[in-house]
Amino acid sequence: MQDNKMPKVQVRHLTKKFGDLLVLNDISFDVHAGEFLCIVGPTGCGKTTFLNSLTKLYEPTAGEILLDGQPVDLKKQSIAYIFQEYSTMPWLTVEENVGFGLDIKGVPKEKARVLVDEYLEIVGLTKYRKYYPDQLSASMLQRVVIARAFATQPDLLLMDEPYGQLDIQLRYRLEDELISLWQRTGTTVIFITHNIEEAVYLGERILVLTNKPTSIKQAIDNSLPRPRNIASPDFVKLRNEVTDLIKWW
Ligand SMILES: Nc1ncnc2c1ncn2[C@@H]1O[C@H](COP(=O)(O)OP(=O)(O)OP(=O)(O)O)[C@@H](O)[C@H]1O
């Protein structure tokens with residue numbers, strides 16, 4: 001049986017060097033099951049290196065990352081990854097794109113069909129299930145990617161600046177949809193962004209990173225009630241606190 005108190009992710013003394021370049025410098029933190037954690041840090045501080053260490057693309061120079069108390073093993077544990085570039089497959093329809101991760105995981109066809117239907121419905125794409133990516137708008141493409149990630153019911157969802165290129169209105173809408181999916185599914189999410197307002201809008205906790213060699217400058221709890229209002233005095237106060245911590249300029 002799973003220990004409910006055990007953190008979902010345990011990062012212990014994670015250090016990563018490329019040759020002589022020290023990028024991640026002895027980083028330790030936990031992510032709780034079902035938490036939405038935002039990480040903000042300056043350009044080039046090693047956010048992608050951190051995610052690549054989580055997904056085992058890079059071996060840490062020192063330290064370790066545990067998922068559910070075990071060293072990450074992608075054969076047994078699933079990590080979904082959403083980044084800025086739309087990673088839809090142009091030769092597959094919307095429903096095939098959403099089902100792709102389930103196929104890879106070997107989910108039986110009937111169960112996969114039910115999950116695809118459910119997640120298409122949640123993101124409002126049921127009507128477009130037979131469309132191909134080049135027939136969709138930017139927001140619809142992003143919804144396909146989100147539906148595909150959540151449908152696999154991952155142990156952990158990593159998001160790397162997914163809305164960095166989108167216009168602001170669309171970003172707000174997609175952020176709200178993301179929060180409602182997260183609340184509905186209880187998925188553990190690590191969300192990386194340069195955007196302080198986005199981090200305060202989304203995160204239950206915000207890790208602020210330093211410049212390279214990167215360590216954690218501060219972890220800030222964010223218990224602002226949802227839905228959050230970016231113009232409310234409490235929101236602005238917290239956003240200013242995070243901004244003050246980040247003297248990148
Ligand atoms: N495979 C690699 N080999 C050598 N150096 C690398 C490698 N990957 C990353 N680096 C270096 O590590 C540092 C951190 O890069 P990384 O891409 O992780 O930063 P980032 O915080 O994600 O950047 P950005 O904010 O631009 O997305 C950079 O100085 C980069 O040049």
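This is a predicted model: local features need pLDDT of at least 70, side-chain atom pairs count only at pLDDT 80 or more; totals for chains, interfaces and linings use all residues.
## Domains

The domain assignment divides the chain into domain 1, made of residues 1-17 + 31-77 + 156-249, and domain 2, made of residues 89-154. Their C-alpha centres are 24 Å apart. To the contact between them, domain 1 contributes 10 residues and domain 2 contributes 9 residues.

On the side of domain 1 that touches domain 2, the elements giving two or more residues are strand 7 (156-160) and helix 5 (168-185). Helix 5 supplies the largest share of this side, with 6 residues. By class, this side of domain 1 has 7 nonpolar, 2 polar and 1 charged residues.

## Helices 3 and 4

Helix 3 (residues 109-122) and helix 4 (residues 138-151) have axes that come within 9 Å and cross at roughly 140°. Helix 3 is therefore oblique to helix 4. The crossing of helix 3 past helix 4 is right-handed.

Helix 3 makes the contact through L115, V116, Y119, L120 and I122, while helix 4 takes part through A147, F150 and A151. The contact of helix 3 with helix 4 comprises 8 nonpolar residues, with no polar and no charged ones.

Definitions and conventions:
Residues are numbered from 1 along each chain as its sequence is written. Axes are lines fitted to C-alpha atoms, for helices over the stretch in contact, and angles run from 0 to 180 degrees between N-to-C directions. Helices (H or I, at least four residues) and strands (E, at least two) are DSSP runs, numbered from the N terminus. Angles under 35 degrees count as roughly parallel, over 145 as roughly antiparallel, 65 to 115 as roughly perpendicular and the rest as oblique. A crossing is left-handed if the near helix is turned anticlockwise from the far one by less than a right angle, and right-handed if clockwise. Two residues are in contact if their C-beta atoms, placed from the backbone, lie within 7 Å. Ala, Val, Leu, Ile, Met, Phe, Trp, Tyr, Cys and Pro count as nonpolar, Asp, Glu, Lys and Arg as charged, and the others, Gly among them, as polar. Domain bounds come from an automatic or database domain assignment.
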